[in-house]
Amino acid sequence: MAVLSISRQYGAGGKTLGEMVARKLGFAFRTQEIVNRVAEMANVSPEYVEGIHREAGGRLMRTLHTLVPSEFVDRHVGEDKTDFDEKKLALYLSKVIWEMAEEGDVVILGRGSQFILNDHPETVRLLLVASRADRVQFIVDHYDLDRSKAESVIAKEERKRQRYLSAFYTGDHNDPSLYHMVLNTSLVDLETASDLICELMSATITHTAKPIW
């Protein structure tokens, strides 16, 4: 079993690359499924979860400055799901992402997974970066937005990412030492990047596999 956690600067191609790598490895690719599982666990709609997630990062998320282990979640979430809020969102996300990692053979995109799974021995953490200009162009090309709107979306998403990730780690989220690999998609095309990641995953799986006697 192996897990790939992809963190990215918005517009660096994380979703596109994640889907490519998942296909090549035969892994599950988890994005919306994370939201769906949280919603089911909390007995609320996926849209409600997304709404809270969009607003997260302010008052509540500042209360979570350390990794939330699955054992803590099991003890503190409890059975009452009627008061689902930002704090419960962070706890449920931690629980769901850890469970997905335990299922194995999965690519998880964002949502703090690089920090939630920091101590998970079979997780490879990847950071994607790109120049601002290239990220704007990627959004223009893939989401049918004009350049001004793409600039605005990137600025908004960067602020949201910064606030949200501060719930799990208070340092520089783009610090390369936090990741197994950092790829600059301004310099490496997505097809080449996907091949490099698959090679890394293969080497990691081989290295962590236990011998059969």
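## A friendly walk through a predicted model

Me: Which residues of helix α2 are buried?
Reply: This is a predicted model, and helix α2 covers residues 32-42. An α-helix has 3.6 residues a turn, so residues three or four places apart point the same way. With that spacing in mind, here is the buried set of helix α2: I34, V35, R37, V38, A39, M41 and A42.

Me: Where does R111 lie, and is R111 buried or exposed?
Reply: R111 has a positive phi of about 60 degrees and is not a glycine. Its place is the loop between β3 (106-109) and α6 (113-116). Buried means under 20% relative accessible area. Because the relative accessibility of R111 is 19%, R111 counts as buried.

Me: And D144, is D144 buried or exposed?
Reply: D144 sits in the loop between α7 (132-143) and α8. D144 is not a glycine, yet its phi is positive, at about 55 degrees. The cut-off for exposed is over 50% relative accessible area. Since D144 has a relative accessible area of 73%, D144 is exposed.

Me: Which residues gather in a patch of positive charge on the surface?
Reply: Patch residues need over 30% relative accessible area. K149 has a relative accessible area of 44%, so K149 is partly exposed. The patch of positive charge consists of K149, K156, R159 and R163.

Me: Let's step back to the whole chain: what pattern does the protein chain follow along the sequence?
Reply: The protein chain has nine helices and five strands. Read along the sequence, these elements give the pattern β-α-β-α-α-α-α-β-α-β-α-α-β-α.

Me: Among contacts between residues at least 6 apart in sequence, what percentage join residues at least 24 apart?
Reply: Contact here means heavy atoms within 4.5 Å. Taking contacts in the protein chain between residues at least 6 apart in sequence, the share that joins residues at least 24 apart is 73%.

Me: Finally, what part of the accessible surface belongs to carbon and sulfur atoms?
Reply: Of the 213 residues in the protein chain, 47% are buried. The accessible surface of the protein chain comes to about 10,900 Å². The part belonging to carbon and sulfur atoms is 51%.

Note on methods:
Residues are numbered from 1 along each chain as its sequence is written. This is a predicted model: local features need pLDDT of at least 70, side-chain atom pairs count only at pLDDT 80 or more; totals for chains, interfaces and linings use all residues. Side-chain values use heavy atoms; hydrogens and water are left out. Helices (H or I, at least four residues) and strands (E, at least two) are DSSP runs, numbered from the N terminus. Buried means under 20% relative accessible area, exposed over 50%, partly exposed in between (1.4 Å probe, protein chains only). Accessible areas come from the Shrake-Rupley method with a 1.4 Å probe; for residues, only the protein chains shown count as cover. Patches are made of residues with over 30% relative accessible area and no salt bridge: like charges are joined within 9 Å, nonpolar side chains (Val, Leu, Ile, Met, Phe, Trp, Tyr) within 5 Å. A salt bridge is a side-chain nitrogen of Lys or Arg within 4 Å of a carboxyl oxygen of Asp or Glu. Lys and Arg count as positive and Asp and Glu as negative; His and the chain ends are not counted. The place of a charge is taken as NZ of Lys, CZ of Arg, CG of Asp or CD of Glu.
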